[in-house]
Amino acid sequence: MKSKSKRKISLGSVFINAPYFVWAALFIIIPLGVVLIYAFSDGEGGFTLSNMASLADYGGVILRSLWYSVLATVITLLIAYPFSYVVCRLRPASQKIANMFVTLPMWINLLIKTYCLSSLMDGNGLINQALAAIGFGRLSLMNNTGAVIFGMVYNYLPYMILPIYNVMSKIDVSLLEAAEDLGCSTAARVRRVVLPLTLPGIVSGIIMVFVPSVSTFYISAKMGGTGDFMIGDLIEGQIHNQNSNLPVAAALSTVLMAIILVSMLILNRFSKTDEGGSMLV
Amino acid sequence: MKNGNIVELKNVTLSFDGEKILDSLDLSVRDGEFVTFLGRSGCGKTTTLRIIAGFLTPDEGDVFFDGVRINDVPPYKRPVNTIFQRYALFPHLNVFENVAFGLRVSKTPKEEIGPKVRDMLRLVNLEGYETRKVTKLSGGQQQRVAIARALVNRPKVLLLDEPLSALDAKLRKDMQVELKRIQRETGITFIFVTHDQEEALSMSDTVVVMENGKIQQIGAPVDIYNEPKNAFVADFIGESNIIDGIMNKDDTVTFAGHTFVCVDEGFAHDEPVDVVIRPEDVDIVPPSEGMVKGRITQATFKGDYYELIVDVRGFKWMVQTTDAYAEDQTIGIALDPDAIHVMHKSEFSGLYGDYSTFSDDMDGDPEADDEE
């Protein structure tokens, strides 16, 4: 935030904010510290870089996670933006219904949704059964990269739509009329007015989809093939497998956090708002 | 240009949800004139403006621009620009870029944009504001940016939708003068929408008075004021006493129990009429010399004049005078033939022009709220 003016901190504000700071310390700062300590310790309390060095073996997985997340984020954006544009032009009552359909899937746990999706798309799932019934051949919908991306897009789409819709629905209609009055066709209107004004929504949407995407697990394990697992699956494996290796899991987590932090810093350059504030970081 | 009319509406009709907003409107606007659509909120004036801009399409009737029918031409292809009621400046662009918007859309060469924008900013007295954020400007300054943004495109017609309604009284007066100056300097046709009759009279070459989706009268401000066509126009433009009368024959009319000499002709024999007497045209004389007599029921000091409510045979007249009179005093009233204006009866007869329920509280501007 911009305002760096030194204000007097009253006793009351300390009292009101104290629970938050205690909570943040207990459940955010300390756990993060523990992860960092694990990532750089050799198991006997000594400092080591060997955990980090061992990640070289996982370079492919890390890159793949990044690539899949970028793909999923771009696809959700390409779906969410026109969708929001159309919804904003509906009557208020219809907008409410459309919004309900967007938020409804968020009521259901990601694992359950993914499980259901798998049983739909399975080699012997409902879709293939239906296709077989009407005489088409079965399709191989599961256990490939496409299925992973589909699963991610399906799960994270609402997180892209909501921030974009929110910003877009607040654009004053008279601005669009003014643009049209000044010579803009529909396409020019979107490019010169709607896009710049919805940029903050796009940036939030990208962050809200990219961050969970890059740390995805289960979706990739359940719907992907053998070569589709991602950092999230890797970390989970290092924790739960028989030969679990917490320091390596911690090192992987540290890299993941670094990736997220860097991408958010880059994104924030695009989301400077009127007040000079920026989102999240 | 055919017949010198830049904009023409022929038989334009528009309904929303079964309610007629515009009822077979016919209107011609001459090139280069300052036209004002004047009326109360809901009278259809803004709707008419939006039809000319292209944001609305009439259900029936045709819109012509320079003699060409433009019903199906979208707003972005019409050589008109609009100044919106709340300016609608682009918040993501600074003053310069707001003004340059139309030029950039029309792919004007870059080296021409700078000088054109600066010329416009000079015209609206905003030199040096190029890099300011529009959100940080005052209402009057935003107004000027909106004017510059529209005029930089050199439209054939500028449409102004109650552009002064958000400004305070002092700024309003300044902007009225300013707009009139800009219109003269640029020679562009201005079509101005307002509910403020004073604004309309002081700025326009032609005033179009609207009510109930119909044009009630078109004319020069002086003609509209002096020769209102019906009770609505007479009441809406300035103060009027509107009294039932009988037109005995040319130049002779009877009302308030007296037969007056007037200058109106062309009515049927003994036709019932509405007679308009402007409050400032009433001469007060001693009761014995008056054509009619009345009792003052209310006298209000208004600064440069007194406003009297006078009971004349049960009908309350408003009279304005520079002399002081006491309430309950009986006075005589004399009228010059010129002071009497006779109108045919209309759908508005009896609705306006009686001051029996008049109080200063109701003298405010009931239409100050935003329209539509």
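A: Let us begin with contact, which means heavy atoms within 4.5 Å. By that criterion, 22 residues from chain B and 16 residues from chain A take part in the contact between the two chains. This is a predicted model, in which local features need pLDDT of at least 70 and side-chain atom pairs count only at pLDDT 80 or more, while totals for chains, interfaces and linings use all residues. Residues are numbered from 1 along each chain as its sequence is written, chains are lettered from A and ligands numbered from 1 in the order in which they are written, and side-chain values use heavy atoms, with hydrogens and water left out.

Q: What area is buried between chain B and chain A?

A: The size of an interface is often given as the accessible area lost when the parts come together. Buried area is the accessible area (1.4 Å probe) that two parts lose on being put together, summed over both. Here it is about 1800 Å² between chain B and chain A, and carbon and sulfur atoms give 61% of this area.

Q: How many salt bridges are counted between chain B and chain A, and which residues form a salt bridge?

A: A salt bridge requires a side-chain nitrogen of Lys or Arg within 4 Å of a carboxyl oxygen of Asp or Glu. The count between the two chains is one. A:Glu177 pairs with B:Arg50, their closest N and O atoms lying 2.6 Å apart.

Q: How many residue pairs are in polar contact across the interface, and which elements of chain B give two or more residues to its side?

A: A polar contact is a pair of N or O atoms within 3.5 Å; within protein, one must be able to donate a hydrogen and the other to accept it, and residues adjacent in sequence count only if both atoms are side-chain atoms. The rule finds six such residue pairs across the interface of chain B and chain A, both residues at pLDDT 80 or more. Elements are DSSP runs numbered from the N terminus: helices (H or I, at least four residues) and strands (E, at least two). On the side of chain B that touches chain A, strand 6 (80-83) and helix 2 (95-105) of chain B give two or more residues. Helix 2 of chain B gives the most, with four residues.

Q: Is B:Glu178 buried or exposed, and what does it touch?

A: Buried means under 20% relative accessible area, exposed over 50%, and partly exposed in between (1.4 Å probe, protein chains only). B:Glu178 lies in helix 5 (residues 169-186) of chain B and counts as buried because its relative accessibility is 11%. Leaving aside residues up to four places away in sequence, B:Glu178 touches B:Val124, B:Asn125 and B:Arg144. Its side chain makes a polar contact with the side chain of B:Asn125 (3.3 Å).

Q: How many disulfides are counted over all chains, and why is A:Cys184 not in a bond?

A: A disulfide is a pair of cysteine sulfur atoms within 2.5 Å. The count over all chains is zero. The sulfur of A:Cys184 is too far for a bond, because the closest cysteine sulfur, in A:Cys88, is 18 Å away. A:Cys184 is buried, at 0% relative accessible area.

Q: Which elements make up chain A?

A: Chain A has 12 helices and zero strands. Of its 281 residues, 39% count as buried. Along its principal axes, the C-alpha trace of chain A spans about 75 × 70 × 30 Å.
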